[in-house]
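Colleague: I've got the sequence and the model open side by side. Can you walk me through it?

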Amino acid sequence: MASTIGTHEMDASIRCPACRASGTFHTWDIIDAGDVSLKDRVLFDENLFFYTCPHCQSKIHIESKCLYIDRDKKLLIWHIPDPREKVTLGEVQGALGTTSLAAYTCRAALTWGEWREKIIECESTYDDRLYEIIKYGAYQLLSKDDKERLPLEAYHIDYADDGHDPERLALVFMKKDEKGMAYVYPITEKLKDVTKDIFMPILDQLSREKQAPFERFGYAWASQFMTYLIKAAEADANRDTYGNLIGFWIKTIGEEIFQTVVKPQT
Ligand SMILES: [Zn+2]
């Protein structure tokens, strides 16, 4: 039988940035989805990765390396706060024992927020990279004023409602100066279908070309991907076809997410 290394706890030494007192933060470096109550806290407890200083009561957000493992859904999702740090497959194989990783979806995220978002995306049967492309595309449709009001840092994908159904996700635009206030736009099946039809063949081709473990498929990746695609399309003999496809996709986002008509910009 395969070994089951579950959740792993750890203590980190913390020096409080406010009062300089030292203390210990109890946290995790491996979280197993089989640990249901802890998984619930990962998804819904905003205070999970906060340290409270025992001396001055300051609350400090702690970013530390953590691996999320879901053996049923075959997910390995790293939280790695240092953008320069790369994870090797060997490191994970060491943590998992001899388990083969071939069947696993491997992802990495820079912040706890992105990590949680990635877990939610990856529990869906829909490809997380397509979610990131939709997320990127929709933000491009905001006006300059709206981008100011609804900052990118707080923009994210979440459950569409309290049912917490992984097949029903939404784009969440948080308002800048009103804590907890947000616009929630469900991602419709039609937009998912159109996005998949247009981009999945390209993603399949790219993943055949290079297979790097633990890639950060987030907003920055989606931005690079679209820039690459638009350049490639411009150089292609079928550029009108590509242009029409992208235009059709943008129009679909406008209709399906914002219920507005997007005028073509050429
Ligand atoms: Zn303190």
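Predicted model: local features only at pLDDT ≥ 70, side-chain atom pairs only at ≥ 80, totals over all residues.

Colleague: Metal first, then. What arrangement do the four donor atoms make around the zinc ion?

Modeller: Cys16, Cys19, Cys53 and Cys56 each coordinate the zinc ion through SG, at 2.3 to 2.4 Å. Donors are N, O and S atoms within 2.8 Å of the metal (3.2 Å for Na, K and Ca). The angles at the zinc ion run from 106 to 112°, and with four donors counting as tetrahedral if all angles lie between 85 and 135 degrees, the arrangement is tetrahedral.

Colleague: How many residues apart are Cys16 and Cys53?

Modeller: Along the chain, the zinc donors follow the spacing C-x2-C-x33-C-x2-C. Cys16 sits in the loop between strand S1 (8-15) and S2, and Cys53 in the loop between S3 and strand S4 (59-61). Strands (E, at least two residues) and helices (H or I, at least four) are DSSP runs, numbered from the N terminus. The pair links distant parts of the chain, and the separation is 37 residues.

Colleague: Are those two buried or exposed?

Modeller: Cys16 comes out at a relative accessible area of 0%. Cys53 is also at 0%. So Cys16 and Cys53 are both buried.

Colleague: On to the rings. What kind of pair do Phe25 and Tyr51 make?

Modeller: There are 20 aromatic pairs in the whole structure, pairing being ring centres of Phe, Tyr or Trp (its six-membered ring) within 6.5 Å, with planes under 30 degrees apart stacked, over 60 edge-to-face and the rest tilted. For Phe25 and Tyr51, the centres are 5.9 Å apart and the planes sit at 85°, so this pair is edge-to-face.

Colleague: Which strands do Phe25 and Tyr51 lie in?

Modeller: The pair ties together parts that are 26 residues apart in sequence. Phe25 is buried at 5% relative accessibility, and Tyr51 is buried at 3%. Phe25 belongs to strand S2 (residues 22-32) and Tyr51 to strand S3 (residues 50-52).

Colleague: And at what angle are the planes of Phe217 and Trp221?

Modeller: Phe217 is buried, at 9% relative accessible area, and Trp221 is buried too, at 14%. Their ring centres are 5.0 Å apart, and the pair is edge-to-face because the planes are at 90°.

Colleague: Last one: how far apart in space are Val92 and Leu67?

Modeller: Val92 is in helix H2 (residues 89-96), buried at 0% relative accessible area. Setting aside residues up to four places away, Val92 touches Leu67, Leu76, Trp78, Val87, Leu101 and Phe214. Val92 and Leu67 are 25 residues apart in sequence, and their C-alpha to C-alpha distance is 8.7 Å.

How values were computed:
Residues numbered from 1 in each chain as written. Heavy atoms only, no water. Buried < 20%, exposed > 50% of the residue type's maximum accessible area, 1.4 Å probe, protein only. Tetrahedral: all angles 85-135°; square planar, octahedral: opposite > 155°, others 65-115°. Contact = heavy atoms within 4.5 Å.
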